[in-house]
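Here is a quick tour for anyone meeting this structure for the first time. Have a look at the sequence and the model, then read on.

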Amino acid sequence: MRKIIIAIDGYSACGKSSTAKRVAAALNYGYVDTGAMYRAVTLYFMEHYIDLTNPKSVSKALGEISITFHHNDSTGQNETYLNGLNVEERIREMEISQRVSEVAAIKAVREAMVKQQQKMGKSKGVVMDGRDIGSVVFPNAELKIFMNADFDVRAERRQKELFDKDNLVDLDEVKENLRKRDKIDTTRAESPLIRPVDSVEVDTTHMFLEEQVDHIVQLATGEK
Ligand code: C5P
């Protein structure tokens, strides 16, 4: 069957990554979590005290960063590596969530990430999730999904996800973080989160993960 690019965009914590991973597995496609890439850049910038307002430091730091994904056979998941080190757990912590949107709003950061993402998808057969995949990274993607969910449901899901990784975070703190990221992600000058006109909207508020996956797989295979 002809391989395509599936772009999944949407707000934070509405189920994009969990859905995208499973859609990729069902279709035997690759999966790229572009949020993980921005999170890894944020971690590097934090660890190296990079001044975000200094373009020279930002561009020098970007030249020092290598982000790769490797499959972990025991968990069956792809994990994120920053300069050869597994940072999968670290980049999901609240400290990174608090700062990532500011870093992701920097033009040079976006240009560097988009270039890599376009390389990763050039042979097609890939599911990529993020904020600008259907609008900027792959404007010609054959299938574009825009995911959304009720704000409170998103916050509860994110809190549970953190709890499952032994991170106890207060619901109000999770809500505050989602609000802040939504605001920066939708209002930044560089490729803000928008709903591409040719995307299919999937509201996951009342959907189970399996339903979301089946729906997108059916759209991809032309059964819908
Ligand atoms: O997907 P996730 O919530 O892990 O993404 C973390 C942050 O990275 C987002 O809040 C957003 O600021 C940024 N991001 C982005 N463009 C993407 C993916 C993520 O700006 N394609």
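This is a predicted model: local features need pLDDT of at least 70, side-chain atom pairs count only at pLDDT 80 or more; totals for chains, interfaces and linings use all residues.

## Getting oriented

What is the phi of N83 near? The value is near 45°, which is positive in a residue other than glycine. To put that in context, most residues other than glycine have a negative phi. N83 counts as exposed because 12 other C-beta atoms lie within 10 Å, and 12 or fewer is the cut-off.

A13 is another case: its phi is positive, about 60°, and A13 is not a glycine either. You'll find A13 in the loop between β1 (5-10) and α1 (16-27). Is A13 buried or exposed? A13 has 23 C-beta neighbours inside 10 Å, so it counts as buried.

## Around the ligand

Now for the ligand. The shell around it holds 14 residues, and the closest are G35, Y38, S101, A104 and G130. The elements that supply two or more residues to this shell are α2 (34-47), α4 (94-104) and α8 (171-187).

Which element gives the most to the shell? That's α2, with 4 residues. By type, the shell splits into 4 nonpolar, 5 polar and 5 charged residues.

## Helix α2, an enclosed helix

Let's stay with α2. This helix has 14 residues and spans 20 Å from its first C-alpha to its last, close to the 20 Å expected at 1.5 Å a residue. Why is α2 largely enclosed by the rest of the structure? Because 12 of its 14 residues are buried. Those buried residues are T34, G35, A36, M37, Y38, R39, A40, V41, T42, L43, Y44 and F45. Just after the helix, Y49 has a positive phi of about 50°.

V41 makes a handy example from helix α2. It has 25 C-beta neighbours inside 10 Å, so V41 counts as buried. Leaving aside neighbours within four places in sequence, V41 is in contact with I65, V103 and V109. As for L171, which is 130 residues apart from V41 along the chain, the C-alpha atoms of the two are separated by 26 Å.

## Helix α4, with a buried face

Over in α4, the buried residues are S97, V100, S101, V103 and A104. Looking down the axis of α4, you'd see these buried residues fall within an arc of 160°, so they line one face of the helix. An α-helix has 3.6 residues a turn, so residues three or four places apart point the same way.

What do the buried residues of α4 pack against? They pack against α2, α5 (107-120) and α8.

Finally, the inside. In soluble globular proteins, nonpolar side chains tend to be buried together. Here the largest nonpolar core has 49 residues, and I6, A7, V127 and I145 touch the most other members. The element that gives the most to this core is α2, with 8 residues.

Take I145 as a close-up. Not counting residues up to four places away in sequence, I145 touches I6, A7, I8, S199, V200, V202 and I216.

Notes: Residues are numbered from 1 along each chain as its sequence is written. A residue is near a molecule or strand if its C-beta atom, placed from the backbone, lies within 6 Å of it. Ala, Val, Leu, Ile, Met, Phe, Trp, Tyr, Cys and Pro count as nonpolar, Asp, Glu, Lys and Arg as charged, and the others, Gly among them, as polar. A nonpolar core is a set of buried Ala, Val, Leu, Ile, Met, Phe, Trp, Tyr and Cys residues joined through C-beta atoms within 7 Å. A residue is buried if 20 or more other C-beta atoms lie within 10 Å of its own, exposed if 12 or fewer, and partly exposed in between; C-beta atoms are placed from the backbone. Two residues are in contact if their C-beta atoms, placed from the backbone, lie within 7 Å. The expected span of a helix is 1.5 Å times one less than its number of residues. The arc is that of the directions from the helix axis to the C-beta atoms.
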